[in-house]
Amino acid sequence: MDAAVAVAGSVEHLKGRKGAFRIALIPPEVLQALNDGLLESVNLNEFMALELPRLARSVAGHIGLDAQSERLVDTLAMLSAFKPMQRHGHIARALYDLAALHGERDAVAHSLATHASDVARCWAAQWVTLSGLPLPAQLEAVRRFAADPHFGVREIAWMAVRDAVIASLDEALALLQPWVADADPNIRRFASELTRPRGVWCAQIEALKKEPWRALPLLEPLRADASRYVQNSVANWLNDASKSQGEWVDRLCARWLAESDAPETRYIAKRAMRTLSK
């Protein structure tokens, strides 16, 4: 039996688990598989319990990089000096630099992007930020992560291109228009979440705080979206905008409700108005 198949089979029984309510309650078998890069995390407790140096070394070996390279070892040694999320950025950068020296760089990138560990795929998504590609190419590269089955990877995906979108906002709004018509709700939600005027744990888009109507070509097609995941993002988008352009959000929601008395639209409008209603 192929070794990779055997390893995958050895953790198959763990994939349907419910995440522990506390880090201390995570079963040792699960924690070992997470740190060995064989399993996805299923909640924040598992994510926070990861031993990042161990996981990074495991992943590096899986994708054909030297886990004992000076570049990676030095990075892992200094991780404790940084905030938790910053640590992931440093690991992603170290792996990116090592891959740049690898003779099969594209194969390494593919291995990371399709890795069993959601955290490894998050690092792959962060490579898009490091690529220096023009915005259209960055969006093309990040699309696979925007559609990833794991919620954590999808969050890193939009954050990975947020700064590039801010720098070329008009171009981004035009490029994202086909995304809001995509059959995949994860892709539709990505276009909305990526352009939220305020967002969470990210740079704000000052232009859309002042002129949120510039994003109407993205929002209008989503005003009665069938996916609750998308509905929540659109509502949050408008709630962001209501903090600086409340009258506009009020008028927009009133128009949407007049034109589309669908339950989806009512849900979006109610959540969008939650700050204005206080």
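**Exercise 1. Find how far apart the mean positions of the positive and negative charges of the protein chain are.**

Solution. Start with the counting rule: Lys and Arg are positive, Asp and Glu negative, while His and the chain ends are left out. Next, place each charge at NZ of Lys, CZ of Arg, CG of Asp or CD of Glu. That gives 33 positive and 33 negative charges, and their mean positions lie 7 Å apart.

A word on the model: it is predicted, so local features need pLDDT of at least 70 and side-chain atom pairs pLDDT 80 or more, whereas totals for chains, interfaces and linings use all residues. Residues are numbered from 1 along each chain as its sequence is written, and side-chain values use heavy atoms, without hydrogens and water.

**Exercise 2. Describe the fold of the protein chain: how many helices and strands does it have, and how compact is it?**

Solution. Count the DSSP runs, numbered from the N terminus (helices: H or I, at least four residues; strands: E, at least two). The protein chain has 17 helices and 0 strands. Its radius of gyration is 21 Å, close to the 19 Å that the globule rule gives for 278 residues, so the chain is as compact as a globular protein of that length. Here the radius is taken over C-alpha atoms, and the rule is 2.2 Å times the number of residues to the power 0.38. Finally, 46% of the 278 residues are buried (under 20% relative accessible area, with a 1.4 Å probe and protein chains only).

**Exercise 3. Work out the surroundings of serine 117: which residues does it touch?**

Solution. First locate serine 117 in the loop between helix H7 (105-113) and helix H8 (118-130). Its relative accessible area is 2%, so serine 117 is buried. Now list its contacts (heavy atoms within 4.5 Å): not counting residues up to four places away in sequence, serine 117 touches Gly37, Leu39 and Leu55. Its side chain also reaches the backbone nitrogen of valine 119 at 3.2 Å.

Note on methods. Buried < 20%, exposed > 50% of the residue type's maximum accessible area, 1.4 Å probe, protein only. Polar contact = N/O pair within 3.5 Å; in protein donor to acceptor, adjacent residues only side chain to side chain.
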